Amino acid sequence: MSSELLHATVAPMRGTLDAALPTTFGATTLGTGALGTGALGPGALGPGALGAAERAVPLAEAHALGLAAMGHLGLRPLLRDLGRDGELTAWTCTLRGPDGVVAPQARGAGKGHRAEARVGAMFEALEHFLSGPARFDHDQVELCPASWLARGELAAEASAVLLAEGGEQPLACASYAGLLDGRELLAPLYLSQPWYTAPASHQLRARCGDHYDYRQLARYSVNSGSAIGVTEAEAVVHALNETIERDAFSLLLVRAFLTAGQRLTVIDPGSLPAGLAAELDQVRRRVGTEVHLLDITTELGVPTVLAYVPPTAERPHLRGAGTSLSAHHAMHRAISELLQYALGCATLPRQADPFAHLAPLRWHAGLHACGRFDLTAHLARARRVAFVERFAPEHPQGHLDRLVSILTGHGFMPYLRRLATLPGGITAVHVLVPGLERFMVIADGVLVLPGPRALRARTEWRRRTVGRPESVPR
């Protein structure tokens, strides 16, 4: 869905953040209190209709469907507004069962305008629950030898080298279907469900017959590409956009810090439409400093924006990213996600060393630079361009068809796994696009290496920039 608490708002400290969010203070249980009956009237939508072309139904209807689905599952949402001083905000949501206990993995966050962020948090918590251990179906698991997986389409994944070392040892896989032609792909669960590789899941893995040692592969386990929507098409659009966004951020890291240095493209904030300019102004006031808007669109051509604040001696960098066929919506997502990131950080206790999470990267200067993600030198010589909107389809199916066409036209096959379909049509999915990069987790202190696509980009960038005096020194 929206990029789960940045699909890691502060990923290296995810557990700390969960613990830091009170379950009662400042929270609202839907159906009572500040939200009344839980319904969103037409006046509550406000500017949140920004992403309407990617939604199958109006926001108020999605809200009602989400509540109904949660009720069907016996879950009750508890929400908290993290930013109460502006229309643009972030909400968190936890889902509790009838016993009042938080359901497994059932936490989420949403960003954007107030109603948009609230509904987003609800749906993300539901997505995490549906893709978590409480709904895990052993009968859908197939064991496949690690080396066999490494020789197929997954050879394009950064973790394929580790898979090849696994030899004939089997590990749990799930079946995906190609979005273009329906062809089957068996992919290991670690590529989509980080909880599955955790030590706490060892008994669940044993029941599947999976005794693989995940200690190394777990670093490459991320739920990037997981999404939920009121229809399957809506969910898949969100998942594909997130996958493309993470790939773009990964390539930026490689070109900026593992080559002589990419010249950045910065979008002139003065060229933003009035609504986006107001959002940016609110976020600037909240973080207390300049926010840089980077165009990080790759050769795929799907607009991708990174809203960015460099690190200081007291705190790590702040960032938010957005991808959409609508450049306007991509910008809105990036700006609101940076605010979500900043609000999430504000709930955490102050640490003596704000960069302690980068300790695993200190053995390699380039990887450590990726983790620190300081673009200050690059920004000093960035090219500046004006914001330009572009045509985008008017409904989710149009977005889906266009995204699949773009990916396959560039040699990337997107695959779909349906995780759950609930009464009313709400659907949770995971999308896998072998070859697109997931190196972006390095920016949260996770020790991973770039995959083949990033390494090719690095080589090509070095070839183009050899001898150029404008290259940023490392």
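User: Which residues of α13 are buried?

Analyst: In this predicted model, the buried residues of α13 are Pro396, Gly398, His399, Leu400, Leu403, Val404, Ile406 and Leu407. The term buried applies to them because a residue with under 20% relative accessible area is so classed.

User: What do the buried residues of α13 pack against?

Analyst: They pack against α8, which spans 232-257. The criterion for such a contact is heavy atoms within 4.5 Å.

User: How does the reach of helix α13 stand against the expected value?

Analyst: Helix α13 comprises residues 396-409, 14 residues in total. The expected span is 1.5 Å times one less than the number of residues. That gives an expected 20 Å, and α13 reaches 20 Å from its first C-alpha to its last, so the two values are close. After the helix comes Gly411, with a positive phi near 85°.

User: What makes the buried residues of α2 lie on the same side of the helix?

Analyst: The buried residues in α2 are Leu59, Ala62, His63, Gly66, Ala69 and Met70. Because they cover an arc of only 130° around the axis, they are placed on the same side of α2. The arc is taken from the directions that run from the helix axis to the C-beta atoms.

User: What covers the buried residues of α2, and what follows this helix?

Analyst: The cover includes β2 (76-81), β3 (88-96) and α3 (114-130). Gly74 follows α2, and its phi is positive, near 75°.

User: Why is strand β12 called largely enclosed?

Analyst: Strand β12 covers residues 318-323, and six of the six are buried, so the rest of the structure largely encloses it. Both faces are covered: Leu318, Gly320 and Gly322 are buried on one side, while Arg319, Ala321 and Thr323 are buried on the other.

User: How do you know that β11 and β12 are paired?

Analyst: Pairing requires at least two bridges between the strands. Within β12, Gly320 is the bridge partner of Ala307.

Technical notes. Residues numbered from 1 in each chain as written. Predicted model: local features only at pLDDT ≥ 70, side-chain atom pairs only at ≥ 80, totals over all residues. Heavy atoms only, no water. Buried < 20%, exposed > 50% of the residue type's maximum accessible area, 1.4 Å probe, protein only. Helix = DSSP H or I, 4+ residues; strand = E, 2+ residues; numbered from the N terminus.
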